[in-house]
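User: Could you take a close look at one part of this structure with me?

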Amino acid sequence: MNYRTYLEKHQYSENTIVINILRVKRYEDWTKSYSIKIERVTYKNLLTYVTYLKESKKYKRQSINLELRAVKLYYDMLIEKNEVVENPAENLTIRGTRKSIIKDILSEEELEDLYYSYDIEHHDTFFRATKQRDKVIVGLMVYQGVTAVELYQLKEEHLELTRGKIHIPSTRRSNRRTLKLQPSQIMELMEYTTKTRAYLSKRNNAANEEQLFYGSLNLIHSITGRIIKTLRNYNRSVKSYGQIRSSVIVNWFAKNNLRQVQYMAGHRYISSTERYLQDDLENLHEIINNFHPIN
């Protein structure tokens with residue numbers, strides 16, 4: 001296994017692979033110029049490399065961190081191949097850069113409150129049926145982070161209610177995955193699939209009866225847009241469908257690692273998942289305080 005195959009194995013994009021190979025080649029050339037074996041590089045050696053990048057290559061802090069990221073992945077590969085025991089770049093992040101913060105994140109409790117607060121009562125049978133469908137959609141939004149395109153592609157066969165699971169199909173931009181359903185969702189889905197869905201099919205003259213939620217993609221977008229407006233009545237912090245999905249993904253990091261969140265979110269590339277890591281004390285790599293080459 002070489003560096004390219006390692007990155008391919010971990011589903012990095014071709015562009016990222018090419019750039020990281022160049023970065024590691026630059027690092028290898030530097031170690032050779034100092035007669036340092038890559039397998040014996042120390043933390044202090046890496047700090048000297050940072051100084052080289054800053055002073056000789058005139059790299060800015062963000063570029064230096066990207067170089068270090070490639071080096072860290074290289075050592076992760078060497079660990080996997082049992083060629084080194086520790087990664088000297090593991091906790092090396094140059095102070096001064098900040099990750100892009102995803103703003104207005106709703107907590108797990110706030111998301112759950114949106115689901116439980118969603119009122120389906122209505123004196124009119126048709127409107128009650130649509131509100132029940134909408135509540136099922138809200139559940140998939142706040143618990144599984146399902147996108148509008150995925151809602152459009154869902155079929156009843158994708159549900160395994162007796163096992164408490166849902167199989168979310170792949171799209172042009174996302175991978176398929178199987179996620180756990182919450183107990184409260186299962187009850188709502190049972191009523192929706194056994195009663196409400198058939199009623200709405202007749203009322204709407206559904207063209208594709210395999211769909212879990214009847215209608216065109218435009219109609220699904222219209223439905224979710226209306227849902228967001230309703231959710232704002234329960235929590236004024238609600239801004240958009242994208243905000244809810246981002247909140248779900250960010251909250252997953254509290255209980256799952258990067259690879260697990262990548263799978264749960266259906267991201268094709270790990271880089272898509274990494275941007276949801278928040279810049280706080282719990283998630284940041286340890287910032288260098290001693291022997292720091294950059295002021």
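Which helix gives the largest share of the lining of the second largest pocket?

Analyst: Happy to! A quick word first: this is a predicted model, in which local features need pLDDT of at least 70 and side-chain atom pairs count only at pLDDT 80 or more, while totals for chains, interfaces and linings use all residues. Residues are numbered from 1 along each chain as its sequence is written, and side-chain values use heavy atoms, with hydrogens and water left out.

The largest share of that lining, 3 residues, comes from helix 7 (residues 148–153). Helices here are DSSP runs of H or I, at least four residues, numbered from the N terminus. A pocket is an open set of points on a 1 Å grid over the protein atoms alone, where a 1.4 Å probe fits, with protein on both sides within 12 Å along at least five of seven lines; lining residues have an atom within 4 Å of a point.

The second largest pocket holds about 480 Å³ of space, a volume being the space filled by probe spheres set on the points, which are joined across faces, edges and corners. Its lining has 17 residues, and Thr147, Thr171, Arg173, Ser174 and Arg245 are the closest to the centre. Sorted by class, the lining has 7 polar, 6 charged and 4 nonpolar residues. Here Asp, Glu, Lys and Arg count as charged, Ala, Val, Leu, Ile, Met, Phe, Trp, Tyr, Cys and Pro as nonpolar, and the others, Gly among them, as polar.

Elsewhere, in helix 5 (residues 108–117), Leu111, Leu114 and Tyr115 are buried, meaning under 20% relative accessible area with a 1.4 Å probe, protein chains only. On the other side of helix 5, Glu109 and Tyr116 are exposed, that is, over 50%.

Conventions. Helices (H or I, at least four residues) and strands (E, at least two) are DSSP runs, numbered from the N terminus.
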